[in-house]
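Trainee: Please take me through this structure step by step.

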Amino acid sequence: MSDEFLPFSRPTISQNAIDDVVACLKSGWITTGPRVTQFTEDLKTYFKAPYVLPIASATAGLHLALLAMNLEPGDEVITTPLTFAATLNTIVLAGGKPVLVDIDPRTLNMDMNALEDAINDNTRVIMPVHFAGLPVDLDPLYELANRHGLRVIEDAAHAIASEYKGKRLGSFGDTQVFSFHPNKNMTTGEGGCVVTRDQELADQIARLRFHGMDRQAWNRFAKSGSQDYEIVMPGFKYNMMDIQAAIGIHQLRELDGFIARRIELAERYQEALSDWPQWTLPSKPDYDHYHSWHLYTPLINEDVANMNRDQFMSEMKENNIGTGLHYRAVHLYPYYRQAFDFNPGDFPHAEDACERIVSLPLFPLMTDADHDRVLDVMYKIFN
Ligand SMILES: *Cc1c(COP(=O)(O)O)cnc(C)c1O
């Protein structure tokens, strides 16, 4: 049994990916180029989607997808309090007002029964988060969105490879944003992609992603000269580099294997911990789904465990095991309390989960021996 520090997450980078990064570096073309073009095509095939836009990060993708919605002052975007700050930050940066719907305490996803009450005349977009890789119940969500004429941007940062009722996330619906951060199901270092079936939205994001450049516009507006693009709006610098795509092309090919191991490890936790009174374990919703297990997040039962989540995390760390906290309730951060008047008690299910949640180590390279070590240390801490 090794006593080396076991992180809660760690990327799997194959020799093929490393070789391709080196080939890219030696090729003379390291920023956006042929490898991003290939990665784009590979992702289109993977998602069976007409428009896929690799981008610098999922945060950048959420930002641009929201900006492309042309929100006006007072426009509202509905999301969940149990998410990473980027979900809410990008709503605010795009000029929207974040409106939150509490979670279903069993799935930790937005409570579909509470969603309709949050919709009003100012609502423009619903932004569900597929927490830990468990798909949100999308049928009722899209039914409501269609009935009220709302756009949907799925924050699918956790959820590449997840499926809802037999369909891969990204292969249907409005717009999805995936993350390729090193902790996520697959990585490009930093990176992400936007997937959509809306050509206008895709064109707008493509322009905003790179300085507001439009290469087609040149044909229409340029009289002569060597310039082969026009600036049609002020844009950002959110493009993905070929160095990143060189990693991503191989990660995508290896993704099924990564997910298979994630599922094995998650199921191993479910079985091993099923009769531990210290934990409330993740539970499955009754709709058909395929869970990619980006995170394994039980909730600690403080009374039985005789310690709170933070104490548990520091005990694990003292025993050389890393854990993660996903997440503190975003509405209780100072900015959100001040700017939008959120208060403790506003979203009781999310707040309870955020106090008790912990991400146990889970990544494809984790061995059964690593897994046993996590369980042994947890047993020792509680007894
Ligand atoms: C990681 C994450 C993001 C941001 O992804 P980046 O690629 O790091 O920008 C957004 N939303 C959620 C729910 C995430 O977990």
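Mentor: We begin with strands: two strands pair if DSSP finds at least two bridges between them. Strands (E, at least two residues) and helices (H or I, at least four) are DSSP runs numbered from the N terminus. This is a predicted model, in which local features need pLDDT of at least 70, side-chain atom pairs count only at pLDDT 80 or more, and totals for chains, interfaces and linings use all residues. Residues are numbered from 1 along each chain as its sequence is written, and side-chain values use heavy atoms, with hydrogens and water left out.

Trainee: How many bridges join β4 to β5?

Mentor: There are 2 bridges between β4 and strand β5 (residues 151-155), and the two run parallel. Val 125 has Arg 151 in β5 as its bridge partner.

Trainee: And β2 with β4: parallel or antiparallel?

Mentor: Strand β2 (residues 76-79) pairs with β4 in the parallel sense, over 3 bridges.

Trainee: What is the strand order in the open sheet of 3 strands?

Mentor: The order is β7-β6-β13, and the pairing is antiparallel. At the edges are β7 (167-168) and β13 (289-290), each of which pairs on one side only.

Trainee: Which residue stands opposite Tyr 164?

Mentor: That residue is His 289, in β13. Strand β6 (residues 163-164) forms 2 bridges with β13 in the antiparallel sense.

Trainee: Now the ligand. Which residues come nearest to it?

Mentor: They are Thr 59, Asp 155, His 158, Ser 179 and Lys 184, out of 15 residues around the ligand, counted as near if a heavy atom lies within 4 Å.

Trainee: Which atoms of the ligand face Thr 59 and His 158?

Mentor: Oxygen atoms do: one is 2.5 Å from a side-chain N or O atom of Thr 59, and an oxygen is 2.7 Å from such an atom of His 158. Asp 155 has a polar side-chain atom 2.7 Å from a nitrogen atom of the ligand. A polar contact is a pair of N or O atoms within 3.5 Å.

Trainee: How much of the ligand's accessible area does the protein cover?

Mentor: The protein covers 93% of the 380 Å² that the ligand has on its own, by the Shrake-Rupley method with a 1.4 Å probe.

Trainee: Changing topic, what is the peptide bond from His 326 to Tyr 327 like?

Mentor: That bond is cis, with omega near 10 degrees. Tyr 327 lies in the loop between α11 (309-318) and α12 (334-340).

Trainee: Is the phi of Ala 132 positive or negative?

Mentor: The phi of Ala 132 is positive, about 65 degrees, although this residue is not a glycine. Ala 132 belongs to the loop between β4 (123-126) and α6 (138-148). Most residues other than glycine have a negative phi, and most peptide bonds are trans.

How values were computed
Polar contact = N/O pair within 3.5 Å; in protein donor to acceptor, adjacent residues only side chain to side chain.
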